Amino acid sequence: MASSISAAAASEPEHSTKEREEEEENATATRAADDEDTGAQVAPIVKLEEVAVTTGEEDEDAILDLKSKLYRFDKEGNQWKERGVGTVKLLKHKESAKVRLVFRQSKTLKICANHLVLPTINLQEHHGNDKSCLWHAADFADGELKDELFCIRFPSVENCKTFKETVEEVAENQGKKAESKDAADAAGLIEKLSVEDSKREKEEAPVAAEEVSETTDDKAKAEEEEKDEPASST
């Protein structure tokens, strides 16, 4: 889905001061927790039973799973807004072979992006940052189809390259699959029309033969009647 990108959308989503402070605090807290680990084991007060949770991905196979940060372009505010830190997956359905892109936040598992990878998808490397890329999609993460502009950032250039190449490969395969389906449908339609024409010709043939027979009989009858008529006197 090719669309023009505004100057604001073309700019790289930046870390806010608050985001940087939160990341530094989290890193400090993690190091402090590691330093204070005494190795003691504490028995749980309440034993919780494991509960099976359905994710909606049971009938799909993951062909890509990468950690990343996702942004959505806010058209009204004309700026990028962070959707969350988590994992982006490409999921291929076991029966239909359709592939969708899903992004979930790490802690809450909230879905922040959910759309099919179509042959028309167009990924672009983000100007000035080879760890990011952006694309348009008809997204269903909020329960209704919306035309969204996404930007995704990866920890490394390699992961960004892997993501872009995999999405482009899937889009190409989906395009070939659609072309094959169209060709098969066209061949099936032609075959159906040929069978119907052949059937119609077989049904019309006896009728035509019967009409020819009736015409021959009428002609013979007329000749007999002429012979039976008395000769006219002079």
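Two strands pair if DSSP finds at least two bridges between them. Helices (H or I, at least four residues) and strands (E, at least two) are DSSP runs, numbered from the N terminus. This is a predicted model, in which local features need pLDDT of at least 70 and side-chain atom pairs count only at pLDDT 80 or more, while totals for chains, interfaces and linings use all residues. Residues are numbered from 1 along each chain as its sequence is written, and side-chain values use heavy atoms, with hydrogens and water left out.

**View 1. Hairpin of E3 and E4.** Strand E3 and strand E4 (residues 111-116) run antiparallel and are joined by five bridges. Val102 has Asn114 as its bridge partner in E4. Five residues lie between the strands of this hairpin, and Leu109 takes a positive phi near 60°.

**View 2. Hairpin of E2 and E3.** Strand E2 (residues 79-93) is antiparallel to E3, with seven bridges between them. Leu91 has Arg100 as its bridge partner in E3. This hairpin has five residues between the strands, and Ala97 takes a positive phi near 65°.

**View 3. Burial of strand E3.** Buried means under 20% relative accessible area, exposed over 50%, and partly exposed in between (1.4 Å probe, protein chains only). Strand E3 (residues 99-105) is largely enclosed by the rest of the structure, because seven of its seven residues are buried. Val99, Leu101, Phe103 and Gln105 are buried on one side, and Arg100, Val102 and Arg104 are buried on the other.

**View 4. Aromatic pairs.** Rings of Phe, Tyr and Trp (its six-membered ring) pair if their centres lie within 6.5 Å; planes under 30 degrees apart count as stacked, over 60 as edge-to-face and the rest as tilted. The structure holds four aromatic pairs. One of them is the edge-to-face pair of Phe73 and Trp80, at 5.3 Å centre to centre and 70° between the planes. Phe73 and Trp80 are buried. The pair of Trp135 and Phe163 is tilted, because the ring centres are 5.7 Å apart and the planes are at 50°. This pair links distant parts of the chain, with Trp135 in strand E6 (residues 132-139) and Phe163 in helix H3 (residues 157-228), 28 residues apart. Trp135 and Phe163 are both buried. Together with Phe150 and Phe154, Trp135 and Phe163 form one aromatic cluster.

**View 5. Leu48.** Leu48 lies in the loop between helix H2 (17-35) and strand E1 (60-74). Its relative accessibility is 72%, so Leu48 counts as exposed.
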